Amino acid sequence: MSTIHRGVALVTGASSGIGRATATALAKAGYRVFGASRRPSLDGLAGVTMLPCDVTDDASVSRLVAEVVGEAGRVDLLINNAGIGLLGGAEESSIAQAQRLFDINVFGVMRVTNAVLPIMRRQGSGRIVNMSSVLGLIPAPFNALYAATKHAIEGYSESLDHELRAQGIRVVLVEPAYTRTSFEDNLVKPDQTLDIYDAGRASLSVVMRKAMETGDMPEIVAEAVLKAATAVRPRHRYPAGKMAGQVSFLRRFVPESAFDKSLRKQNGLPA
Ligand code: NDP
């Protein structure tokens with residue numbers, strides 16, 4: 001591990017997948033890294049101090065940030081990465097289930113951000129990298145609730161960045177496409193399934209599994225995070241990997257009707 005010269009980083013969801021790869025990459029790049037998750041694994045991540053935190057719990061988030069500041073005195077970089085998916089028809093989830101998903105993927109990000117901002121404001125500097133997704137840019141059938149959480153993160157992050165820039169703090173987004181992690185194993189199932197959606201849900205599940213099998217390694221996303229974290233003049237968004245770059249480009253430049261047609265085809269839906 002290189003010497004610590006870049007400052008103090010906090011990564012949520014660091015026990016697995018993208019968060020784990022990111023925490024490792026940041027430590028290698030010279031950050032002092034604190035990682036957090038509900039079940040912080042004890043099989044030591046080189047150069048990373050793992051702490052317990054549930055991002056849906058105000059007190060747990062306050063404890064986490066107090067512990068990091070108690071040990072390291074500051075927070076230069078926050079990576080809001082903890083998140084989960086949900087595969088099912090939008091109508092197949094109760095509002096309570098949708099709220100639980102938002103509580104992790106959206107309010108979890110806001111909770112940790114609000115806990116860290118007073119420290120960054122005091123420092124007069126800081127960088128926040130929020131883990132979005134290509135589903136923060138485009139729709140995805142049977143992923144409506146998940147896509148809604150990531151679209152919310154996009155609007156939140158870009159707006160917040162404008163509020164904070166004058167205080168030396170920047171907020172940026174990383175947008176991965178399919179990435180080989182435990183994401184699929186951890187997908188939440190809808191809590192009020194309807195027969196009418198069985199075939200579509202099953203077919204989308206196959207599309208997703210196949211795409212995941214050939215998806216990017218989490219280290220590709222970690223590289224994008226490192227870029228987003230260290231750019232002197234950061235962009236708002238960093239698509240991670242080839243597919244995400246293509247999706248982001250197509251979304252911006254392909255006419256809506258053509259995009260709609262292609263999206264249905266990709267997802268095995270009738271024209
Ligand atoms: P993983 O399931 O491998 O990792 C999810 C991480 O989040 C784990 O460390 C988990 O740890 C943590 N986590 C889940 N719930 C909570 C909670 N309530 N409080 C604290 N930590 C929590 O998935 P990925 O690495 O793939 O996902 C990371 C991020 O990347 C997510 O935001 C996801 O939406 C995004 N993403 C993933 C893509 C993919 O294809 N994999 C594509 C695009 C975006 P623990 O269970 O110990 O709490």
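Helices (H or I, at least four residues) and strands (E, at least two) are DSSP runs, numbered from the N terminus.

Please note that this is a predicted model, in which local features need pLDDT of at least 70, side-chain atom pairs count only at pLDDT 80 or more, and totals for chains, interfaces and linings use all residues. Residues are numbered from 1 along each chain as its sequence is written, and side-chain values use heavy atoms, with hydrogens and water left out.

I begin with the ligand. A polar side-chain atom of Arg 39 lies 2.4 Å from an oxygen atom of the ligand, and for a polar side-chain atom of Thr 181 the corresponding distance is 2.6 Å. The backbone also takes part: a polar backbone atom of Gly 13 is 3.1 Å from a ligand oxygen atom. Taken alone, the ligand exposes 890 Å², and the protein buries 96% of that; these areas come from the Shrake-Rupley method with a 1.4 Å probe.

I turn now to helix H7, residues 218-230. How far apart are its end C-alpha atoms? They are 19 Å apart, which agrees with the 18 Å that its 13 residues should span at 1.5 Å a residue; the expected span is 1.5 Å times one less than the number of residues. Its buried residues (under 20% relative accessible area, 1.4 Å probe, protein chains only) are Pro 218, Val 221, Ala 222, Ala 224, Val 225, Ala 228 and Ala 229. Seen down the helix axis, these fall within an arc of 160°, so they line one face of H7; the arc is taken from the directions from the axis to the C-beta atoms. The face turned away carries Glu 223 and Lys 227, which are exposed, that is, over 50%.

Arg 237 counts as partly exposed, because its relative accessibility is 24%, between the two cut-offs already given. Its side chain makes polar contacts (N or O atoms within 3.5 Å, one able to donate a hydrogen and the other to accept it) with the side chains of Glu 158, at 2.8 Å, and Glu 175, at 3.2 Å.
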